[in-house]
Amino acid sequence: MTALDPHAAARGLARRLERRLFDPAAGGRVDYLKPAGDPGFYGPRAMAWKVHANPIALAVGGVAAVILELAEPRVRTGVWEHSIFRTDPLSRMRRTGEATMITTYGPTAAAQARVDMVTRMHSRVSGVTPEGLAYTALDPELMTWVHVTAGWGFLNAYRTYVEPGLGRADQDRYYAEGGRLGRAFGAVDPPDSVAAVDGWLDRMRPKLAPHPIIQEFLQIVSATSPMGLAGRALQPLVVQAAIDLLPKELVERLELPLNGLKLAAARPVLRGLAAAAALAPPQAVRDAHARVGCCV
């Protein structure tokens, strides 16, 4: 009997995550190979092309971002009352992953089309929170907050699980280059550096509060795996890793269930998966590089 190669197994799990969640080929119908030479919103030298190529960083960072978003009452109510997350969480996760890949690696027309589609959907989202706060999804502050949390989550998960030595200048460049996408979605003056993003976190911190919906979200994500049965044991680790990314003060304030034993298991497992994923970038990433005439 042939011994199981742990690296091959890790690559297999990472590839399954890519196919099920972050590879838009299944539902986006985007041709990443054409038109030749089109850099899209970013281009191959952008930090986003580096950071977003790793599905493990996107998975962990995406959960961290949603925690921060749901901690804001207006965003929380808009998401929970106007999306399918509670009834079909996997489809909602796939759409989010798909949108990230299209706006990062897709040709310009496809990226803009996805932005326009999301904006049309957001234009129908408005209401009043249980606390009596009126909201609309196109509120510039809320759009900026969602943009900030997504970038913060992806970048910090990448730094933690893929490239711990990533320098401050490259981190600043990641945020600065992401401004185009943020403005396209309606963010006003999106922060363009680590310091500016930290300023936004400080600005929004007084508005963030614990809520049962956050706990419900974590329970749903812990039990919902885009990798089928093989991934169900990993989902609680992804959730623990996401909580661990957040500032300790926020973990305590939001009453998040950080489990030391699960976290100790999560770190080496997810780093191994991230390393395996880096050896075999998603097909969309490879096609995007081919479109602009360079290698991954």
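What follows is a short exchange about the labels used for this predicted model.

Student: What is the secondary structure of the chain?
Tutor: It comes to 16 helices and two strands. Buried residues make up 50% of the 296 residues. Among contacts between residues at least 6 apart in sequence, 76% join residues at least 24 apart.

Student: Why is W49 called buried?
Tutor: The cut-off is under 20% relative accessible area. W49 has 2% relative accessibility, so W49 counts as buried.

Student: Why is the pair of W49 and Y105 called tilted?
Tutor: Two aromatic pairs are counted in this model. In this one, the ring centres of W49 and Y105 are 5.3 Å apart, and a pair needs centres within 6.5 Å. Their planes stand at 50°. Stacked needs under 30 degrees and edge-to-face needs over 60, so this pair is tilted.

Student: Where in the chain do the two partners sit?
Tutor: W49 is in helix α2 and Y105 is in helix α5 (residues 89-105).

Student: What makes the pair of Y174 and Y175 edge-to-face?
Tutor: The angle does. Their planes are at 70°, and the cut-off is over 60, so the pair is edge-to-face. The ring centres lie 5.6 Å apart. Y174 is buried at 7% relative accessibility. Y175 is buried too, with a relative accessible area of 7%.

Student: How do you know that the side chain of T104 makes a polar contact with the side chain of H52?
Tutor: By distance, and by atom type. The limit is 3.5 Å between N or O atoms, one able to donate a hydrogen and the other to accept it. The T104 and H52 side chains are at 2.9 Å, and the pair counts as a polar contact. The T104 side chain also reaches the backbone oxygen of T100 at 2.7 Å.

Student: What surrounds T104, and is T104 buried or exposed?
Tutor: T104 lies in helix α5. Its relative accessible area is 1%, under the 20% limit, so T104 is buried. Leaving aside neighbours within four places in sequence, T104 is in contact with Y42, A48, W49 and H52.

Student: What makes helix α4 "mostly covered"?
Tutor: The count of buried residues. Helix α4 (residues 73-82) has seven of its ten residues buried. They are P73, R74, V75, R76, T77, G78 and W80. These residues pack against α3 (55-70), β1 (126-128), β2 (134-136), α7 (140-161) and α11 (212-223). At the start of α4, a side-chain oxygen of E72 comes within 2.7 Å of the backbone nitrogen of R74.

Student: Which residues line the second largest pocket?
Tutor: The pocket holds about 190 Å³ of space. It has 17 lining residues, and the closest to its centre are W49, K50, A53, Y158 and V296. Helix α2 gives the most to the lining, with three residues. By class, the lining has twelve nonpolar, two polar and three charged residues.

Student: Why is L270 called buried, and what is in contact with L270?
Tutor: L270 has 2% relative accessibility, and buried means under 20%, so the label holds. L270 lies in helix α15. Beyond neighbours within four places in sequence, L270 is in contact with I56, V60, Y161, L237, V238 and A241. The C-alpha atoms of L270 and Y161 are separated by 6.8 Å, although the two are 109 residues apart along the chain.

Student: Why is D189 called exposed?
Tutor: Exposed means over 50%. D189 has 66% relative accessibility, so D189 counts as exposed. D189 is in the loop between α9 (179-185) and α10 (194-204). Its phi is near 50°, a positive value in a residue other than glycine.

Student: And why is E255 called exposed?
Tutor: E255 has 55% relative accessibility, over the 50% limit, so E255 counts as exposed. E255 lies in the loop between α14 (248-253) and α15. Its phi is positive, about 55°, although E255 is not a glycine.

Student: Which residues does a cis peptide bond join?
Tutor: K34 and P35, with omega at about -5°. P35 lies in the loop between α1 (6-22) and α2.

How values were computed:
Residues are numbered from 1 along each chain as its sequence is written. This is a predicted model: local features need pLDDT of at least 70, side-chain atom pairs count only at pLDDT 80 or more; totals for chains, interfaces and linings use all residues. Side-chain values use heavy atoms; hydrogens and water are left out. Buried means under 20% relative accessible area, exposed over 50%, partly exposed in between (1.4 Å probe, protein chains only). Helices (H or I, at least four residues) and strands (E, at least two) are DSSP runs, numbered from the N terminus. Contact means heavy atoms within 4.5 Å. On a 1 Å grid over the protein atoms alone, a cavity is a set of points where a 1.4 Å probe fits but cannot get out, and a pocket is an open set with protein on both sides within 12 Å along at least five of seven lines; lining residues have an atom within 4 Å of a point. Grid points are joined across faces, edges and corners, and a volume is the space filled by probe spheres set on the points. Ala, Val, Leu, Ile, Met, Phe, Trp, Tyr, Cys and Pro count as nonpolar, Asp, Glu, Lys and Arg as charged, and the others, Gly among them, as polar. Rings of Phe, Tyr and Trp (its six-membered ring) pair if their centres lie within 6.5 Å; planes under 30 degrees apart count as stacked, over 60 as edge-to-face and the rest as tilted.
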